[in-house]
Amino acid sequence: MGPQIKIIISLIGILLAFLPVQVSSKVAGPCVNCHTMHNSQDGANVSGAGPNQYLMNVGANICVACHSSDVANETIKDIGGGTRIPIVYNTSGYPTNPLAGGNFYYVSTGSPKVDKDAYGHNVYGISAQDANISTVEGAPGNKSCGGVANVCHRTLAVEPQSNNFDKGGCQGCHVNVFHHTDNNEYRFLSGHEGTNYYVEGVEDANWEQTPTLANHNVYKGYDGPVGDSVTLETTKSISSYCGGCHYYFHRETATGGPSSPWLRHPTDIKLPETGEYAAYNPPTEYNNQTPVAYTNPSSPTRATAIVMCLSCHRPHGSDQPDMLRWDYSTSELGGSGGCLNCHTTK
Ligand code: HEC
Ligand code: HEC
Ligand code: HEC
Ligand code: HEC
Ligand code: HEC
Ligand code: HEC
């Protein structure tokens with residue numbers, strides 16, 4: 001093989017590695033894998049709790065029932081016929097390789113963690129109301145609605161409701177689900193203000209069960225400033241999405257932006273290419289401990305790398321308090337990992 005051909009082949013390889021693989025989010029497999037027409041077979045109930053919404057053959061709280069597993073470390077459940085169910089709640093222990101969102105294990109029964117409520121979002125069907133964060137306070141950093149303080153987004157630990165105060169359960173975040181449609185929404189994540197309020201991104205086919213440089217989610221970020229007139233509708237960013245409930249943690253006015261000195265840790269700002277940040281190059285040295293977003297997830301570059309909420313947090317739950325991606329108590333001056341992946345000289 002001539003050297004030119006070799007170069008062309010390796011260029012194609014590099015291109016393929018970075019080409020967005022627009023993965024189908026449609027479910028696959030025979031109807032019977034998931035639905036039951038009458039909830040009855042040979043005279044017996046198919047689902048003991050049924051009949052259920054959408055004729056599902058699982059437990060009454062259909063989202064939790066289907067997306068859970070009691071098998072240790074089973075994070076993708078293959079029930080045959082091409083049906084692969086991503087698992088978000090392993091009931092027998094925190095899995096070794098949780099999917100991208102983390103896992104609800106510790107925020108449920110939580111053993112051996114002491115303050116279990118701090119390890120995840122308290123979601124209906126998995127945990128009761130957070131003992132530290134009452135419904136009066138609601139989501140930390142949330143905004144007032146109609147001039148009344150702390151009435152929005154009070155809790156996810158109640159049954160899903162159509163009002164905007166207690167949009168409980170999984171559907172509090174995955175507001176609309178489309179298991180039979182491929183649409184533009186990243187992981188069925190949207191707001192409830194209108195059809196233009198949704199998150200964009202590139203989805204890893206295995207939900208980051210084993211993330212690598214070539215196979216991982218690519219999140220949408222926005223190069224601020226963000227504020228009341230620049231919301232999820234404009235940005236389509238994962239951080240704007242979190243800001244829907246944790247409003248003041250994402251607003252420039254509340255973070256002291258657009259530049260140092262900040263008042264709260266900034267998100268939806270570029271990861272500077274200078275100073276201590278120059279040493280972190282996420283597009284070429286992907287690090288799942290502190291991932292970044294990109295202004296264009298289809299072509300991630302160093303110049304368009306963006307700090308996001310998920311640079312530090314897992315959205316479902318983790319093995320760390322505050323749903324952090326790493327042990328914050330060991331992030332220390334002169335150390336490595338965690339905060340120091342970005343603040344490389346601290
Ligand atoms: C892997 C599981 C799975 C399989 C297989 C499956 N479905 Fe569904 N289906 C769901 C889920 C979950 C919902 C409810 C939530 C939603 O609409 O996304 C649903 C909802 C529906 C709905 C109501 C909402 C809509 O999209 O119209 C219909 C009708 C439906 N399924 C028909 C079918 C038929 C027919 C088949 C077989 C050809 C099938 N499903 C196979 C999981 C499945
Ligand atoms: C009968 C089983 C079943 C039920 C019930 C079910 N799901 Fe799913 N869900 C699946 C399967 C299978 C997939 C994987 C689809 C794929 O291959 O991308 C999935 C995928 C997802 C995803 C990831 C989508 C993506 O882009 O990969 C989310 C989020 C989700 N479900 C949320 C929910 C919520 C919320 C509910 C309740 C309203 C629910 N599911 C009910 C089987 C189910
Ligand atoms: C606080 C908001 C929130 C709640 C509540 C929530 N999710 Fe998610 N979920 C997310 C986000 C954000 C992602 C994308 C994670 C990523 O890609 O890093 C996600 C991803 C997923 C995925 C894809 C697998 C993965 O880990 O990326 C599935 C399946 C899913 N969620 C199901 C559920 C189910 C079932 C529930 C209820 C038991 C639920 N979610 C509750 C925000 C939420
Ligand atoms: C639909 C509203 C909603 C959305 C969207 C949402 N949260 Fe929350 N969040 C809450 C509520 C309510 C609480 C307080 C109760 C609890 O812990 O579940 C909370 C608590 C938290 C906590 C503290 C956990 C604890 O118990 O100490 C963290 C960290 C957090 N959220 C991060 C995020 C991130 C990151 C995102 C975006 C992926 C996000 N949230 C999206 C409603 C939301
Ligand atoms: C994904 C990269 C990233 C991670 C991880 C990260 N930071 Fe930052 N941090 C930044 C960027 C970028 C800025 C803003 C720099 C600027 O203003 O130019 C910043 C700003 C700050 C500031 C404010 C500095 C000022 O000038 O006002 C502090 C303090 C800080 N970070 C501490 C932390 C701590 C503690 C952690 C770990 C919990 C952490 N950071 C994790 C990227 C990161
Ligand atoms: C640089 C890392 C980093 C980023 C980025 C980040 N957080 Fe945090 N977050 C933390 C740490 C560390 C804590 C633990 C408490 C503390 O030090 O403030 C925390 C705590 C929280 C809490 C719990 C507050 C409470 O009262 O218990 C919420 C809610 C939260 N973060 C939401 C968000 C949201 C929403 C975003 C994006 C808009 C975000 N975080 C971005 C590191 C981060």
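Analyst: A polar contact is a pair of N or O atoms within 3.5 Å. Keep that cut-off in mind as we read this predicted model. Start with ligand 1. A polar side-chain atom of His35 lies 2.8 Å from a nitrogen atom of ligand 1, so the pair falls within the limit.

User: Which other residues place a polar atom 2.8 Å or 2.9 Å from ligand 1?

Analyst: His179 and His180. His179 uses a backbone N or O atom, 2.8 Å from an oxygen atom of ligand 1. His180 uses a polar side-chain atom, 2.9 Å from a nitrogen atom of ligand 1.

User: How many residues surround ligand 1, and which are the closest?

Analyst: There are 14. The closest are Cys31, Cys34, His35, His179 and His180. By class, the shell holds nine nonpolar and five polar residues, with no charged ones.

User: Now metal sites. Which residues coordinate the iron atom of ligand 5?

Analyst: Look for donor atoms around the metal, then check the angles. Here His265 and His343 each coordinate the iron through NE2, at 2.0 to 2.1 Å. The site has six donor atoms, with angles of 87 to 179°, and is octahedral. His265 sits in the loop between α5 (252–255) and β9 (269–270), and His343 in the segment after β11 (305–307), so the pair ties together parts that are 78 residues apart in sequence.

User: Are those two histidines buried or exposed?

Analyst: Read the relative accessible area. His265 counts as exposed because its relative accessibility is 53%. His343 is at 24%, so it is partly exposed.

User: What surrounds ligand 5?

Analyst: A shell of 17 residues, the closest being Ser260, His265, Cys339, Cys342 and His343. The shell divides into 12 nonpolar and five polar residues, with no charged ones. Now the polar atoms. Ser260 has a polar side-chain atom 2.5 Å from an oxygen atom of ligand 5. For Trp262, a polar side-chain atom lies 2.7 Å from a ligand 5 oxygen. An N or O atom in the side chain of His343 is 2.8 Å from a nitrogen atom of ligand 5.

User: What coordinates the iron atom of ligand 3, and at what distance?

Analyst: His174 and His316, each through NE2, at 2.0 Å. This site is octahedral, with six donor atoms and angles of 88 to 179°. The two residues link distant parts of the chain, 142 residues apart. His174 lies in the loop between β6 (89–90) and β7 (201–202), while His316 lies in the segment after β11. His174 is partly exposed because its relative accessibility is 22%. His316 is at 17%, so it is buried.

User: Where does Val151 lie?

Analyst: In the loop between β6 and β7. Val151 counts as buried because its relative accessibility is 18%. Compare sequence with space: Val151 and Gly138 are 13 residues apart in sequence and 7.4 Å apart from C-alpha to C-alpha.

User: Last one, ligand 4. How many nonpolar, polar and charged residues are in its shell?

Analyst: The shell has 13 nonpolar, eight polar and four charged residues. In total, 25 residues surround ligand 4; the closest are His121, Asn122, Cys242, Cys245 and His246. Asp117 has a polar backbone atom 2.8 Å from an oxygen atom of ligand 4. Asn122 also brings a backbone N or O atom to 2.8 Å from an oxygen atom of ligand 4. Asp130 uses a polar side-chain atom, 2.8 Å from an oxygen atom of ligand 4.

Technical notes:
Residues are numbered from 1 along each chain as its sequence is written. Chains are lettered from A and ligands numbered from 1 in the order in which they are written. This is a predicted model: local features need pLDDT of at least 70, side-chain atom pairs count only at pLDDT 80 or more; totals for chains, interfaces and linings use all residues. Side-chain values use heavy atoms; hydrogens and water are left out. A residue is near a molecule or strand if one of its heavy atoms lies within 4 Å of it. A polar contact is a pair of N or O atoms within 3.5 Å; within protein, one must be able to donate a hydrogen and the other to accept it, and residues adjacent in sequence count only if both atoms are side-chain atoms. Ala, Val, Leu, Ile, Met, Phe, Trp, Tyr, Cys and Pro count as nonpolar, Asp, Glu, Lys and Arg as charged, and the others, Gly among them, as polar. Donors are N, O and S atoms within 2.8 Å of the metal (3.2 Å for Na, K and Ca); water is not among the atoms, so sites may look incomplete. Four donors count as tetrahedral if all angles lie between 85 and 135 degrees; four count as square planar and six as octahedral if opposite donors are over 155 degrees apart and all others between 65 and 115; anything else is irregular. Helices (H or I, at least four residues) and strands (E, at least two) are DSSP runs, numbered from the N terminus. Buried means under 20% relative accessible area, exposed over 50%, partly exposed in between (1.4 Å probe, protein chains only).
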